[in-house]
Amino acid sequence: MRKLLVLAPFAILSFPAFAADAVMDVEPQPPMAEIVPVGDWTGFYAGVQIGGAFGGDSGVINLSPFTPGLQTAFAPGFSGDFDNGVIGGVHVGYDWQFGQIVVGGILDLTGTDIGDVQQGRSITPATYTIGRDLDYLATLRARIGYTVTPSILAYATGGIAYGKVDFSYSQPGSGAAFNTSGGQDNDIGYTVGAGVEAKVTQKISLGLEYLYTNLGGNDFTANLVNGPFGAPGSAGTNLTGSDGDFDFHTVQMKLSYRF
């Protein structure tokens with residue numbers, strides 16, 4: 001009993017120190033990071049896109065009538081090149097989500113500076129050039145996708161394409177006068193492709209999309225006089241035909257805002 005009475009004051013004096021140590025050892029927890037929900041893909045969206053377009057050699061020009069005389073004049077044949085370029089525009093669309101499947105529609109309008117050139121070299125010698133330039137392109141497409149994760153969508157797409165194509169014809173050095181028709185064509189074709197889109201927030205998504213577009217061919221007529229095609233004052237030769245399909249590939253980055 002006497003020992004307890006002697007030790008009691010020391011125990012009372014040391015208790016606040018132990019309590020202080022216990023309080024100091026408990027550190028406040030950092031606040032939990034806020035998790036932004038990605039939600040589903042159902043809803044309306046709009047945005048912008050930018051990228052590039054590229055293609056291979058243009059299709060061979062088909063000539064009618066392809067008489068022996070013309071065949072000799074164009075003996076070296078025709079060749080074509082595609083003028084790659086930058087494209088960009090705007091888009092709007094709507095999606096519906098069913099489980100991990102997303103279906104929807106998209107309309108886009110794209111400005112371009114792309115085109116192709118067909119050239120034929122004759123024994124005159126002269127170079128005959130047919131050019132096509134695409135001013136703008138609009139597509140109306142369906143798309144169907146699968147959510148790889150709640151915030152990442154992989155999809156396939158396809159639909160109709162509409163483009164305004166400017167047509168030109170020239171033959172410097174041929175010695176022939178000519179009149180042409182063709183001018184501007186409003187071409188309707190098709191487009192198919194695939195893409196991937198990722199939500200970076202509930203409202204903002206980024207995507208990468210590839211499309212193959214085919215706007216079909218263009219008809220032309222050129223009346224050629226002088227040179228190898230007819231004597232001065234004669235009716236000359238009507239060179240009519242069509243060049244191959246105006247087709248190309250595009251790859252674009254897309255930024256969308258989801259309402």
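My entries on the charged pairs follow.

Entry 1, ground rules. I am working with a predicted model, where local features need pLDDT of at least 70, side-chain atom pairs count only at pLDDT 80 or more, and totals for chains, interfaces and linings use all residues. Residues are numbered from 1 along each chain as its sequence is written, and side-chain values use heavy atoms, with hydrogens and water left out.

I took a salt bridge as a side-chain nitrogen of Lys or Arg within 4 Å of a carboxyl oxygen of Asp or Glu. That rule gave me 8 salt bridges.

Which residues does Asp95 pair with? I found Arg143, with the closest N and O atoms 2.8 Å apart. Asp95 sits in strand E4 (residues 85-98) and Arg143 in strand E6 (residues 126-149), so this bridge ties together parts 48 residues apart in sequence. Strands here are DSSP runs of at least two residues, numbered from the N terminus. Arg258 also bridges to Asp95, at 3.2 Å between the closest N and O atoms. Arg258 belongs to strand E13 (residues 247-258), so the pair joins parts 163 residues apart.

I called a residue buried when its relative accessible area was under 20% (1.4 Å probe, protein chains only). Asp95 is buried at 0%, Arg143 is buried at 6%, and Arg258 is buried at 5%.

Salt bridges link Asp95, Arg143, Glu197 and Arg258 in a network.

Glu209 and Arg141 meet in a salt bridge, 3.2 Å from N to O. Glu209 lies in strand E10 (residues 204-214) and Arg141 in strand E6, 68 residues apart. Glu209 is buried at 3%, and Arg141 is buried at 4%.

How values were computed: Helices (H or I, at least four residues) and strands (E, at least two) are DSSP runs, numbered from the N terminus. Buried means under 20% relative accessible area, exposed over 50%, partly exposed in between (1.4 Å probe, protein chains only).
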